[in-house]
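Please look over the sequence and the structure shown here before reading on. The paragraphs that follow go through them in order.

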Amino acid sequence: MSDRAGLGDSPLVVEHEARPELRHHFADVVQQRNAASLGMWVFLATEIMFFGGMFCGYLIYRREYYPSFAAGSKSLNLWLGALNTAVLICSSLTVALSVRASQLGKRRQLLWLLWGTIFFGLVFLGVKGFEWRDEYVHHHVPTFYFSAQDLIRENPNLHIDPQATKIFYSLYFSLTGVHAAHMVAGIGIFAVITFMAWKGKFTPEYHTPVEIAGLYWHFVDIVWIYLFPLLYLIDRRPGA
Amino acid sequence: MADHSEHVVSVGLYWLIWAVLIGATFLTAWIATVDLGIFNTVVALLIATCKASIVVLFFMHVKYTSEKMTKAIVVSAIFWLLLLLFLSLSDYATRSSG
């Protein structure tokens, strides 16, 4: 098939024959790359609405039961929350640098950065798991064994409604739980990307999977950037 | 033939953004312990929004993309989110407690 639809030796045909990674329905690799990235952004827009519904519920209940939410927030470990924020920022840096390494075709560097990303992701989940265990031990998981008595003891000057603190912890566990599920998915995606990089699938011309997996990872980081102040920092003023 | 080159961000800029994000994280944790009245929440959300913006612009390459549709999707996604939050909260904020 030397003459496709009469195109002959047009630049389009030459480009498609020289680049096996370029799918036939795209004019050139730039269009293909932009289409893939655009698709990821559309998905992320749906993710914003997914998390947005929970954030909206959180804001409404927080307004309604502010003292109980503040007491629940104070029971969380501020420094572990800040540490986990820093861990995710480090993972976003390794992701950004891994996209750069794939743009420049630096395979060894790319592999190290991808392993680094998976490492930071696992550290985040480990710290989060430790916090969840702590909350379980203190009967803060909203189940039959839930108790807010310790919060009422520790905050004698706040009007705390145990049912409202239960709502706080329900939102806390759903938001951090759904976020952690996204982290698990992200680590899975990066495991596949690492395998593809190890097989040498990426070149400076074709590294779209690294780029769009990176977009997803950065999005999950942004969700945590909002979760940290909204869950951990409701009211940390001394004596409040 | 079309230009295949992508914008490659320098390593130095990525590390600078990392340093700003880490600094802002500890700033937000510290400033939460300072009594600013109702502005504690405002400042916390402002810092979070600045952090999210630089992640979107630099780490997610929205500043450098040639695809205008990407920018349109980012802006409309934020618009729908604000619509959801603003309309819901303006409802609850104007209800009588009685």
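**Two histidines, one chain fold and one helix pair**

His61(B) is found in the loop that joins α2 (39-59) to α3 (68-93) in chain B; helices here are DSSP runs of H or I with at least four residues, strands are runs of E with at least two, and both are numbered from the N terminus. The model is predicted, local features need pLDDT of at least 70, side-chain atom pairs count only at pLDDT 80 or more, and totals for chains, interfaces and linings use all residues. Residues are numbered from 1 along each chain as its sequence is written, while chains are lettered from A and ligands numbered from 1 in the order in which they are written.

Most residues other than glycine have a negative phi. His61(B) is not a glycine, yet its phi is positive, at about 65°. This residue is buried, with 20 other C-beta atoms within 10 Å; buried means 20 or more such atoms within 10 Å of the residue's own C-beta, exposed means 12 or fewer, and partly exposed lies in between, with C-beta atoms placed from the backbone.

His139(A) also has a positive phi, of about 60°, although it is not a glycine. His139(A) sits in the chain A loop between α5 (107-137) and α6 (149-154). With 16 C-beta neighbours inside 10 Å, His139(A) counts as partly exposed.

Chain B is divided into domain 1 (1-65) and domain 2 (67-98), with bounds from an automatic or database domain assignment. The centres of these two domains of chain B, taken over C-alpha atoms, are 22 Å apart.

Chain A contains 8 helices and 0 strands. Its radius of gyration is 23 Å, well over the 18 Å that the globule rule gives for 240 residues, so chain A is more spread out than a compact globule; the radius is taken over C-alpha atoms, and the rule is 2.2 Å times the number of residues to the power 0.38. Along the principal axes, the C-alpha atoms of chain A fill a box of roughly 80 × 35 × 30 Å. Of the 240 residues in chain A, 38% are buried.

In chain A, the axes of α7 (residues 162-198) and α8 (residues 208-232) come within 10 Å and cross at roughly 160°; axes are lines fitted to C-alpha atoms over the stretch in contact, and angles run from 0 to 180 degrees between N-to-C directions. That makes α7(A) roughly antiparallel to α8(A), a term for angles over 145 degrees. Residues of α7(A) including Tyr172(A), Phe190(A) and Met196(A) meet a set in α8(A) that includes Trp217(A), Trp224(A) and Leu231(A), contact being C-beta atoms, placed from the backbone, within 7 Å.

Methods
Angles under 35 degrees count as roughly parallel, over 145 as roughly antiparallel, 65 to 115 as roughly perpendicular and the rest as oblique. Two residues are in contact if their C-beta atoms, placed from the backbone, lie within 7 Å.
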